[in-house]
Amino acid sequence: MTTLVAVGAQWGDEGKGKLVDWLAPAADLVVRFHGGNNAGHTLVVDGEKTVLHVVPAGVLNPDTQNLIGPGVVVDPEILLGELDVLQARGVLRDPSRVRVSGRAHVILDWHTALDKAREERAQGRAIGTTGRGIGPTYEDKVGRRGIRVADLLDPAGLRLLIGRLAEHKNFELTQYYRWQPVDEEALYAKAVEWGRRLEPYVDHTGRILERALREGKTVLFEGAQGTFLDIDHGTYPYVTSSNCVAGAVCTGAGIGPTRIDRVLGITKAYTTRVGGGPFPTELDDAQGEELRRLGAEFGATTGRPRRCGWLDAVMLREACAVNGFTSLAVNKLDVLSGIAKVQIATAYRIDGKRTEEFPMTLGELERAEPEYESHAGWTEDLRELRRFEDLPRNARDYVARIEALVGVPIELISVGPERDETIVRRDPFAS
Ligand code: GDP
C-alpha cells in the first residue's frame with residue numbers, strides 16, 4: 001500500500017493534471033480533497049484533449065476509482081456536464097468509478113453572482129478569482145449555512161435550507177452590491193433536478209477510502225491550485241479559499257496524517273501566476289513574453305494570460321517545508337529549450353537584507369528583490385527524450401541544481417504535454 005499526495009509547489013498551473021493522469025494507472029483510487037472547478041486540468045491522451053475541472057484526473061484510466069471528497073466544493077452543473085462528456089466519449093461506463101461525497105458543499109447561483117459582484121467592486125484590488133463562486137461557497141460552509149450534496153437528495157429539507165440561504169444571500173446581492181437577486185424558486189427546481197441526476201454518484205467517500213486503505217490499495221491524492229494559493233500558507237489575500245497544502249488531505253478527504261506515505265511536489269521549470277499579488281521573479285519584458293508563448297501560458301479555466309518569470313528556489317524551499325515533500329516533479333523543462341541563459345532565484349534582498357527564507361508578510365514579498373544565479377541554456381528539443389542521461393548536459397545540470405537548492409530528489413521530469421512525454425528517474429509511489 002502507498003498513499004501519495006501530489007500538490008502544486010507554486011501558484012498552480014504546474015501541470016498537475018498531466019502528472020496525475022500519468023500517475024493514475026498505478027493507483028486504485030484518485031481523490032480530490034479541496035477546491036472546486038477553479039482548477040483546470042488539461043489532459044492530452046493520444047492527441048485528444050480533455051479539460052476537467054471537478055472530476056479527478058484518474059478518470060481516463062478505466063481501472064481507477066475517482067473520489068470527490070468532502071473538502072471539495074461542487075458546482076453540480078459543471079460536474080454533471082463533465083460526467084456527460086465522459087459518458088459520451090465512452091470513458092465512463094460505470095458510474096461507480098466516480099463517487100462524490102454527500103458532505104461536499106454545493107456552489108449555487110448566489111455564490112457565482114457574489115464572486116463576480118465582488119471582483120467588479122474591488123476593481124484595482126481584485127484578487128483575480130475565476131468567478132466560479134468557490135470563495136463565497138467556502139464562506140457559507142464556515143458560516144454553517146451551506147448546502148451539501150446530500151441535501152440535494154432530500155427535496156423537503158432542501159426547500160428549507162434554500163429558503164434560509166435566500167434571505168441572507170439576496171440581501172447581500174441586492175442591498176450591498178446592487179445586483180439582481182437570484183430567483184429562489186427557479187434555483188430550488190434546478191437543485192432538485194441536480195439531486196436526481198447526481199444520486200447515482202453520491203456516496204460516503206471517507207468510508208470508501210478507509211476500506212481501500214485497509215485492503216492495502218494504492219491511493220493518489222490530487223491537489224488543485226498550489227502551495228502559494230493556500231488560504232493559510234499562501235500569499236494572502238491573493239489566494240484561493242481552501243487549504244491546498246498536503247496536510248489538507250487529512251481534513252478534505254478524511255484520513256489521518258499517519259496514513260500519508262509520500263508527498264510529491266510539482267513545479268514548473270520556471271514560475272507562473274494568474275491574477276494579482278506579488279511575484280518576485282516576474283519577467284515584465286520580452287523574456288517573459290517568450291516564456292508565455294513557448295509555454296502556452298494561458299489559463300485552462302479562464303483563458304487569461306499567465307504572468308511568467310524565472311524559477312524561484314526560495315519559494316520551492318518554503319513549499320517543501322510546508323508540504324513535507326519527499327520528492328519533486330519538474331514540468332515543462334522542454335519550454336526552456338532555446339533560451340540562452342536560464343536563471344534561478346536563490347535568495348531575496350528585502351530592505352537591504354539578504355535572506356534565503358520566504359518572508360512572512362505580503363509587504364516584505366512585494367519589496368523582495370531576487371538574487372539570481374545564471375545557467376547556460378540548451379537548444380535541443382527535449383520532447384522525444386525519455387531517459388535522464390539523454391538530456392543535454394546543461395539541462396541535467398539545471399535539474400541537479402534545483403535538487404540541490406531545494407534539498408529533495410527530482411523523480412519525474414516532464415518534457416511535453418503528452419502522457420508519455422515524461423522522464424522517470426524513480427517511481428514516486430515506491431516508499
Ligand atoms: P494544472 O492545473 O497544474 O494541471 O496545470 P494546467 O493544466 O492548467 O496547465 C498545464 C499546461 O501545460 C497544460 O496545457 C498541459 O497540457 C501543459 N503541460 C503539462 N506538462 C507539460 C510539459 O512538460 N511540457 C509542455 N510543453 N506542456 C506541458
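**Helix packing and a ligand site**

Let's start with a crossing: H3 and H5 cross in a left-handed way. Left-handed means that the near helix is turned anticlockwise from the far one by less than a right angle; clockwise makes it right-handed. Helices here are DSSP runs of H or I with at least four residues, strands are runs of E with at least two, and both are numbered from the N terminus.

A word on the source. This is a predicted model, where local features need pLDDT of at least 70 and side-chain atom pairs count only at pLDDT 80 or more, while totals for chains, interfaces and linings use all residues. Residues are numbered from 1 along each chain as its sequence is written, and side-chain values use heavy atoms, with hydrogens and water left out.

Back to the helices. Two packed helices are described by the angle between their axes and the distance between the axes. The axes are lines fitted to C-alpha atoms, for helices over the stretch in contact, and angles run from 0 to 180 degrees between N-to-C directions.

H3 covers residues 109-122 and H5 covers 155-176. Their axes come within 11 Å and cross at roughly 20 degrees. So H3 and H5 are roughly parallel. The cut-offs: under 35 degrees is roughly parallel, over 145 roughly antiparallel, 65 to 115 roughly perpendicular, and the rest oblique.

H3 also packs on H4, residues 134-142, at about 120 degrees, with the axes 7 Å apart. That pair is therefore oblique. Its crossing is right-handed.

Next pair: H10 (313-323) and H12 (393-406). Their axes come within 9 Å and cross at roughly 55 degrees. H10 and H12 are therefore oblique too, and they cross in a right-handed way.

Now the ligand. Which residues come nearest to the ligand? Of the 17 around it, they are Gly 15, Lys 16, Gly 17, Asp 334 and Ser 414. Being near means having a heavy atom within 4 Å.

The shell holds three nonpolar, seven polar and seven charged residues. Nonpolar means Ala, Val, Leu, Ile, Met, Phe, Trp, Tyr, Cys or Pro; charged means Asp, Glu, Lys or Arg; the others, Gly among them, are polar.

Look at the atom pairs. An oxygen of the ligand lies 3.0 Å from a polar side-chain atom of Arg 306. A ligand oxygen is also 2.9 Å from a polar backbone atom of Lys 332. On Asp 334, a side-chain N or O atom is 2.8 Å from a ligand nitrogen.

The ligand on its own has 580 Å² of accessible area, and the protein covers 90% of it. That area comes from the Shrake-Rupley method with a 1.4 Å probe. Helix H1 (16-23) and strand S3 (41-45) each give two or more residues to the shell. H1 gives the most, with three.

Last, two backbone points. Asp 13 is not a glycine, yet has a positive phi of about 60 degrees. Asp 13 sits in the loop between strand S1 (3-8) and H1. The peptide bond from Tyr 236 to Pro 237 is cis, with omega near 5 degrees. Pro 237 is in the loop between strand S10 (219-222) and helix H8 (248-254).

Terms used: Polar contact = N/O pair within 3.5 Å; in protein donor to acceptor, adjacent residues only side chain to side chain.
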